[in-house]
Amino acid sequence: MTVKLVATDLDGTLLNNSKRFDYQRFTALLDQMDALEMKLVVATGNHLDQIKQYFSSVDPTRLLYISSNGAMVSDNEDILYERPVSKTQIKKVVDWNASTKAKMENLIILSGAKAAYVSNHATPEMIQAVSQFYPRVEQVDKLVEVDDDILVMELIWPENANVKEYVKELRQTFGEELHTTGSGFGSVSILAAHTDKSTGLKALSDIYGIQPDEMAAFGDNSNDLEMLRYVGHPYVMPNAEAFMHERIPATAVADNEHDGVLATIERLIEQENQKK
């Protein structure tokens, strides 16, 4: 089956540990993909503004974006699909956190279409840390009154916290009303129900008429699993934890420190050219 779309996660996947990748090689790869009418999709938990900073040296019209773990799909100009969390659901999560985790002093970030929002109680150190992942951060009096489409609620836990237990607890509390997933770096992402990277790919499938078995995807963490299970050609990074390899057998040809995504796409392109 011809591969017509390739989706890649960023952290631990396309990006190396210095948050970079081989831009020259990437641009050459886009040229080869264009010749095959193959689309490149960046699929990540990052906010769209942050994604575009990573690709500032690349022509943005050549990419599609699944941001905020699937809550938004866009091209360079337009939002193609969006699934925000409701204000009622935000209030429920804020109340749950205040009643059960207040003593832990964890941080809640509302990632919206316009900016990221944190409480006025957040310290300057917290704001600086959040700004590494969200270019626009605003402090507000009440999170439940933010005037924006909130795509993801991020709960950031203290160091050494057992994030998997919090994910389990949130899932037990909210059931099918919300989608909860670990995002790495001690954080938990809470999205609208049935929202993940695979729903972003489903939206692109509907728009462009590309079927799942015509898609390839790369990932390294639990928030990539739905995407990897959705596509016909899934690849786990060699640097991923063991549980990822247990669930997805195919592995990229190299890890994120050695441009494993780019090397594997080059192999896919070679295979596609051999079919001609």
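Buried means under 20% relative accessible area, exposed means over 50%, and partly exposed lies in between, with a 1.4 Å probe and protein chains only. The structure is a predicted model, in which local features need pLDDT of at least 70, side-chain atom pairs count only at pLDDT 80 or more, and totals for chains, interfaces and linings use all residues. Residues are numbered from 1 along each chain as its sequence is written, and side-chain values use heavy atoms, with hydrogens and water left out.

Salt bridges are described first. Side chains of opposite charge can pair when their charged atoms come close. A salt bridge is taken as a side-chain nitrogen of Lys or Arg within 4 Å of a carboxyl oxygen of Asp or Glu. The structure holds 12 salt bridges. One of them joins the side chains of K4 and E214, with 3.2 Å from N to O. Because K4 lies in the segment before β1 (5-8) and E214 in the loop between α7 (197-208) and β12 (215-219), this pair ties together parts that are 210 residues apart in sequence. Helices (H or I, at least four residues) and strands (E, at least two) are DSSP runs, numbered from the N terminus. K4 has a relative accessible area of 33% and is therefore partly exposed, whereas E214, at 9%, counts as buried.

A salt bridge is also formed by R62 and D31, whose closest N and O atoms are 2.7 Å apart. The pair links distant parts of the chain, since R62 is in the loop between α3 and β3 and D31 is in helix α2, 31 residues apart. R62 has a relative accessible area of 22%, so the residue is partly exposed. D31 also counts as partly exposed, at 43% relative accessibility.

In the salt bridge between E272 and K275, the closest N and O atoms are 3.1 Å apart. E272 counts as buried because its relative accessibility is 7%, while K275 is partly exposed, with a relative accessible area of 49%. Salt bridges with shared partners also join D9, K197 and D224 into one network.

Aromatic rings form a further set of contacts. Rings of Phe, Tyr and Trp (its six-membered ring) pair if their centres lie within 6.5 Å; planes under 30 degrees apart count as stacked, over 60 as edge-to-face and the rest as tilted. The structure holds 5 aromatic pairs. In one of them, the ring centres of F21 and Y23 are 4.2 Å apart and the planes meet at 40°, so the pair is tilted. F21 is buried, with a relative accessible area of 5%, and Y23 is buried at 16%.

F26 and F55 form a tilted aromatic pair as well, with 5.7 Å from centre to centre and 50° between the planes. This pair links distant parts of the chain: F26 is in helix α2 (residues 23-35), and F55 is in the loop between α3 (48-54) and β3 (63-67), 29 residues apart. F26 counts as buried because its relative accessibility is 2%; F55 counts as buried at 3%. Ring pairs link F21, Y23, F26 and F55 into a cluster.

Contact means heavy atoms within 4.5 Å. Leaving aside residues up to four places away in sequence, F26 touches L14, F21, L40, F55, V58, L63 and L262. The C-alpha atoms of F26 and E169 are separated by 40 Å, and these residues are 143 residues apart along the chain.

T44 is placed in the loop between β2 (39-43) and α3. With a relative accessible area of 2%, T44 is buried. Not counting residues up to four places away in sequence, T44 touches D9, L10, I51, I66, S67, S68, N69 and K197.

Charges over rings were also examined. A charge sits over a ring if NZ of Lys or CZ of Arg is within 6 Å of the ring centre and within 35 degrees of the ring normal. The charged end of K39 sits over the ring of Y208, 4.3 Å from the ring centre. K164 lies over the face of F243, at 5.4 Å from the ring centre.
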